[in-house]
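Notebook open, model loaded. I want to look up a few spots and jot down what I find.

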Amino acid sequence: MLSIGVDIGGTKIAAGVVDEEGTIVATTTRSTPATDPELIEAAVAEAVAELRTGHDVVGVGVGAAGFVGSDRRTINFAANLSWRHRPLADELEQLIGLPVIVENDANAAGWAEYRFGAARGASHMLMLTVGTGLGGAIVLDGRLVRGAAGFAGEVAHMIAVPDGQWCGCGNRGCLEQYTAGTALVRTAKRRAATGDPAMGPLVQAAGGAKKEIDGPLITHLAQQGDPGARELIAELGRWLGFGTASICSLLDPDVIVVGGGVVAAGDLLLDPARESYAAHLTARAHRELTPFVPAAMGNRAGIVGAADLAR
């Protein structure tokens, strides 16, 4: 039984035909016309029509960044795409002629890791996606947790520092402001601007232009052994572990899966996260430490998870 998964990003729509084992058997991409909801839907329909040629599919799952209603049909708000209370599943079903479900992109990726990836065999999973922002997905007793309004799993907007760094959501001190790629780059640029000698190799690698410092560059230098870059990655990891300890006091998962672009740093990120998590975990002396493991599905996760949820 085949289904189609669609991963709608800010610049690219990626879609694939997926079988019951989570294997992608065909793919296609389109650019994302982010300012026009109808054009986005037309691009999705076009990608699905291409993939249906030669494949008998039973439904379509769409993963998108934003607040998806618990009915899995409506996108209530998407910061980077032009959706406001948009009945996306209804609109797509009229264009495609197949059943459609809509899921938050982090939930879709998390479900893929739970079903086919790093958390396969677990009963309770927390997934954290550390990229430009911080995403989260929760599976408890084998069920994806969505909450009453579909907003569950938004770990990015837990308050980590009261009255701390302003967040794009309008609050201050959200965990995302200390654990995501934007925080990594912001800290690096701030320290470089003060003339911190530890940031010298990073500035040099950026061609002498502090504004050119970005997450992949920091990760690359850290992997090459640069102490300043490693310190930046470790600080991010410590914040990640700190936040995860609070989440685990509530959820008590079997496994913590960490994905996203920043996880390319591997144990340079995960070891400090593990240490900070252990230091802040409630009742540490009376429980096993939950393992932190890197995500296994990579860029396939959104497509595979959305397709599997549709099936």
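I started with G298, which is exposed, with a relative accessible area of 52%. My cut-offs: buried is under 20% relative accessible area, exposed is over 50%, and partly exposed is in between, with a 1.4 Å probe and protein chains only. G298 is found in the loop between β13 and α10 (301-310). I also checked G298 against G260: they are 38 residues apart along the chain, and their C-alpha atoms are separated by 7.9 Å.

A note on the source: this is a predicted model, where local features need pLDDT of at least 70 and side-chain atom pairs count only at pLDDT 80 or more, while totals for chains, interfaces and linings use all residues. Residues are numbered from 1 along each chain as its sequence is written, and side-chain values use heavy atoms, with hydrogens and water left out.

Element names follow DSSP runs, numbered from the N terminus: helices are H or I with at least four residues, strands are E with at least two.

Next entry, β12. How many of the five residues of strand β12 are buried? I get five of the five for residues 255-259, so the strand is largely enclosed by the rest of the structure. V255, V257 and G259 point one way, I256 and V258 point the other way, and all are buried.

Then I looked up the partners of β12. I call two strands paired if DSSP finds at least two bridges between them. Strand β9 (residues 125-130) runs parallel to β12, joined by five bridges; there, L126 has I256 as its bridge partner. Strand β13 (residues 292-294) also pairs with β12 in the parallel sense, over three bridges. In β13, I256 has F292 as its bridge partner.

I followed the chain from β12 through helix α9 (residues 267-280) to β13 and found a right-handed β-α-β unit. Right-handed here means that, with the strands pointing away from the viewer, the path from the first strand over the helix to the second runs clockwise.

Helix α8 (residues 227-251) came next. Its 25 residues reach 35 Å from first C-alpha to last, close to the 36 Å expected at 1.5 Å a residue; the expected span is 1.5 Å times one less than the number of residues. Just after α8, D252 takes a positive phi of about 55°.

Last entry: an open sheet of three strands in the order β5-β6-β7, with antiparallel pairing. β5 (67-68) and β7 (84-86) stand at the edges with a single partner strand each, so one side of each is left without a neighbour in the sheet. I found two bridges joining β5 to strand β6 (residues 75-77), with V68 opposite I75.
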